[in-house]
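Subject: The structure I promised

Hi,

Here is the structure I said I would pass on.

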Amino acid sequence: MNELFGLSMTYIAAGTVIATAIILLFVALIAVRNPVMFKMGLRNIPRRKAQTALIIVGLMLSTLIISAAFGTGDTLTNSITSEVYDMAGNADELISWDAEKQPAPVAQQTIPLAKVDELRQEFAGDPDIQAFVPFLDEQIPLQDTRTKLNEASPRLVAFRTDDAKALGGLRDTGGNTVTLAGNEIAVNQDLADAIDAKVGDTLLAFYEGKSTEFKVKAIVPSTLLGGAFNSNEKKGAAVDFSVLAGLTGKAENADGVFVSNYGGVKGGNAHASAARQKLEQALAGMPYQVETFKKDGVATAELIGNAFTTVFIVFGLFSIAAGVLLIFLIFVMLAAERKPEMGMARAVGAKRRQIVESFLSEGMGYDLGSAVVGLVAGMAVTLAMVQIIKSGAGDNLGVDLAVTFTVRSMVVAFSLGVIATFLVIFISSWRASRLNITSAIRDLPESKAPNPESETWMGYYRAALNGMVALALPVGFSLFLLGPTGMLLGLPLVLIGLVSPWFYLLRGSNVALPRELRLDQGPPRWPWILGLSLIGIGWVLVLPWYFIALGLVVLVRDRKPRGLATWMPAAGILVPPFGFVLVLLQHSRVRINWSAGVAFAFAVAGLALFYAGLDRNSSFFFFLGASLLFLWAAVTLRYFGVNERASFTVTSSLLLVLWYLPSSVYEKVVGPLNGDIEMFFLSGLVMVTAGVFIIVYNADIVLPAIARLGSRFGRILPAIKTGVAYPLTSRFRTGMTMIMIGLIMFSLVMMATLNANFSAVFLNSDTKGGFDDVLQVNNNNNIPSIKEAIADTGTDTSPIKATGELRVAYPSEAQVENKDRNVSGGKVNDYSRYTIFGADQGFLEATALPIKYRAAGYESDRAIWDAMAKDAKLAVIPASLLAGGHDPFGGDDTLLALDPARAKDNFEPFTLNLRDPGTGTVTTVTVIGVMKEAADTFLVLGAPASDGTGGMITGKRTLLDTFPGSQGQRFYLALKPGTDADAYAKKVEAGLVQASADSLQKLLDEQQAIQNAFLLVIQGFMGLGLIVGIAALAVVASRAVVERRQQIGMLRAIGYQRGMVALSFLFESGFISLSGIFLGLGLGVSLAWVIFTDGNAGTDTSGAGFIVPWVRLGVIAGIAFGASMLMTYLPARSASKVPIAEALRYE
Amino acid sequence: MEPRQDGKREFGEVVIDARGVVKTYDTSTVEVRALRGVDLQVRKGEMVAIMGPSGCGKTTLLNSLSGLDEFDSGTVFIEGTDINRMPDDKKTEFRAKDMGFVFQTYNLLPVLTAVENVELPLIVSGTKPKVAREMALKSLDRVNLRDWANQRPAQLSGGQRQRITIARALVNRPAIVWADEPTGALDSATATEIMDLIVELNSEEHQTCVIVTHDPKVAARCHRTIHMADGLIVREDSQAQMVAVAAEH
């Protein structure tokens, strides 16, 4: 894996390693400068072993998720790359006929061997190109006469022996050289497995109605020389060049030429671009194309690996976010536990900085331990995920997955884990150090001095001013989104933002105090060290701004006025430089309402994001901006004295309403907005947070209801009451834990629900189209009548109720008019490549493929098919053609998509031109129907993997007239009730050499199995986040046992049985986990419903019923709840075992 | 044992009968002999104060007598039942029905209202919630806190909180009320008010009270005071003697 989110992994690795090294140096510096605080921190680690273990498990989860995502990416990249190298060997480029340049019948698309000799002479002594290897290849059905097993479309290749030497020569699986002569054949491993061929067997090859016998001389590896061209088409065999040339009539010609570069198997890629350029020059004016297929294959492998890593990281973001919350929660709890100790340390003279250092030392102990454990656990998770994919997808995967971990990825995962944890520990340490010594020693709640500016406009202006200055950098950058005006507003803020962090650092130090209060202490020196140690970056980003801030502080520290006029802070908010001066002039002891300030700054950024969302049609910016504005509203209402419950409940509810609005509603006002997978993450985070606000501020409403139901609960009533009431007294930790569980549940539920619904759309019984078996016929051996052909093999045809034939013109052979030129970017061609099917009478009479939209005048689906049976120039198109286009070749100039407005129920029939790129023949067909999504799956089922695309259907006659060179042919069989479709398919395949047969149900089941395997892996991966939420519950419960020891003692004294004490703790955890679970469940299902029914998921799903997979959701919720109860059981048990007398004395 | 008379009041039969109670704390590094064979008898309706210097074993004795803590040897009979032989469940039930506790640090549940705190022992011992609520309100009435029934502890003063713990201790009409430094966290005026209340309730309800205290003024309000030192009872004073001692203070 070389890239992540478009950034080079080498740069990411270098950056993260440097950052980790700085962190470790920083901690080493603490150890040297302040060994006492360092030891004080470290010695806390072994104090409570169970708690330490819990903390390490909690902290490791982020590292685990990152390393598992990287491990999966590495595994995929390396497995596919290895396969590309193994298959291609020394071959680097492929020269073949270019039908686009010069249309010609397939049989004539060859390269004369004389031309190859010319190329050899021309490139003799070339530093890049070593050899030219011409070859013949043809897809010819083969049958093993001993096993009677056959394969319909294996690739038969032929290389001249001397030529093949440049690619290492043909060798058997034991490594021995194989020379083929006469009718000898070397079967590759994949084909040998399929037809159970052994050395010495006789194989029958069928070509254009004639059969030829071959004797198996060797079993060879599945490489180019053995007929394996790509991972989807590995089955093949090699024969003597002259024999295949004789069979296909291609004497003195080759189907293509492999070019081998200098540099060996892997090194050849370095010469690929140069070689291609030279070859293209040499072949200029000739109908040939040059593909750097090995280099492209490796790049594709890289792309797939990166794509998977990105998908896993994005899906893992919920877990990573939950992991970060857990780290914060753990350290907030640790700080609460250590409060009296820290207060005592402060009382005896420890500075705030030293408290931070001690806490950081302890945190780094956990951090390093957890990063190592997380890395190893992540590797284990990768192993498990790969195993699940392998067992679920089986041979359908096309690649043999071998688990691989690259040192670079693992170093990045480790470093990212260390950095993320360090940052959270740093913030929580700093927060913990800000304690009131007396309250801390007596373990009393922190009390605040009354603020005379509280709830006043003056206080709000100052808060906003400070918020803007402190967050000037991100706010300034977000203003850039407003365009040129934003640059004008944002630039001064960005400049202030570079100074402001240093200013706030100095503001809290002795250097900023007025002369009479100043002690003999200088400004902090660590920014110097940081600036000097970060070569380059430090000189630009640290030192100059630190010195400016220092200079400003020194300049103004003795000039601070007693107060500011009200209008000044208000004006300062509008004029950033003026605001910065005012902030400098304020007394450091004047209280700032930071929540209001930060909310204001975020609201300004939110406004810019909101505008950017409208301007750029971006859902992400629009909703992020809107959500920030709602947050600001809640905090501001709270600031001005509006009841906390009302402020947060009203704003959170309105925010949820906004997120639930169907796009069809809000897009009427704001125009179309585009979103991608990032919306999944954002919606989860915002909606779950809003939901948690509503719960924690309103759940106490249920308490009177519980009391009213009192007599039903009997003795456990107090346990239920305290189970709800206690969590609500610690809203922060309860809310955080609920968010963690809710987030993961939301993501799992959304995924399961959407998957169930899309499976129902794409993989339902409609997908069989009214047939039971599909037969894919070899391109070179078309069958005129399937029923007769089956009967000729001696197979009973009485179970066949109906047959249907589809002729296929593949995208390389067919083009469709780009009628609406409906592409989102790039060059628009008049025609796009597309798959076209030609249906015969039998197919049209028997098919039950459902129609989504019928043209005016057609009363039923059957009417459509009947009309097509009468008029071969009528056509139906798949729904995907209206929903964004579909082109297997990719590239922005070949996308074909029709305007979705073109087809609705009773639409006006419209025409489409079909063109043969080879001959230029154009035929016009009239579209009278749009097939449902199931048709896409129907047309893909049974198709060879390399041609697996859906397409439009017209009449067989039209297809054959327009595309006379097309050779694709499929048959469908509808069987009489009671016939075993799978067994009949096998029987037919055994008899018919030139066709492969499968039961449609079996193919559908396989498709479902692959989808389920991937879903299971992704859900399992996301489910890792549940461990975070459950660990948080355990941490909260353990802490509650310690905090409430004395109360437990009292409860036991007045008559609580042990079980009741344990029960009350279980109720507490149950309340939190059930709230999180139901929140995630409710939000996930409801949002999935909005997305699915609103047609917002990239596929038009109107008309499809919404399914809630209750059983799967029940299992997910059950596992989450069961696991959380299990984890809380231990703390609950220890609470019940608290010795009463000891607990009552406990302080 | 014959009924005993003290001043104007006559006390009933012995309800607490402790003999040779020994309790040792083993902290793995040091062994502390907290009680070295204590003998104590308390009669029904009697108010007994336990005094002594810090670490002499007062609270340990109270915890051992009330069944909050186990002891190593000796016997404690409460209303004729050997408390040390009771299984934990029975002991807990016994506490819920027949004992009330008042602690220095109130130990009220902050998440429950005053009335909910008071009704707690009733509900856990199986009383119907409606009945429990009525009894709790009556009990709050007794301590003059009926109007504060729906307030949470954080909204009340120290004296009010201690009155709630007394209401809670008395709500199930226990035979014995155990109080560990009930006035320790209160100013002297509030402490006097609380002791007035305890004495008043004792004279009206005839409950037995065992009070651990440092304060001679509190001890002077009890019918007799036993003095402890080094895990043993070393002296016993009558109410009159303690009144004199309190006056000296």
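Predicted model: local features only at pLDDT ≥ 70, side-chain atom pairs only at ≥ 80, totals over all residues.

Residues are numbered from 1 along each chain as its sequence is written, while chains are lettered from A and ligands numbered from 1 in the order in which they are written.

Chain A first. Its open sheet has 11 strands with mixed pairing, in the order β7-β6-β10-β11-β9-β12-β8-β5-β14-β3-β15 (strands are DSSP runs of E, at least two residues, and helices runs of H or I, at least four, numbered from the N terminus; two strands pair if DSSP finds at least two bridges between them). β7 (150-151) and β15 (288-291) of chain A are at the edges, so each has a single partner strand and one side without a neighbour in the sheet. Further in, β9 (184-188) and β11 (210-220) of chain A run parallel, joined by five bridges, and Ile185(A) sits opposite Val216(A) in β11(A).

Now the contact, where two residues count if their C-beta atoms, placed from the backbone, lie within 7 Å. Chain B puts in 26 residues and chain A 25. On the chain B side, the elements giving two or more residues are α1 (58-66), α2 (88-98), β8 (99-103) and α3 (114-124) of chain B. α2(B) gives the most, with six residues.

Cheers
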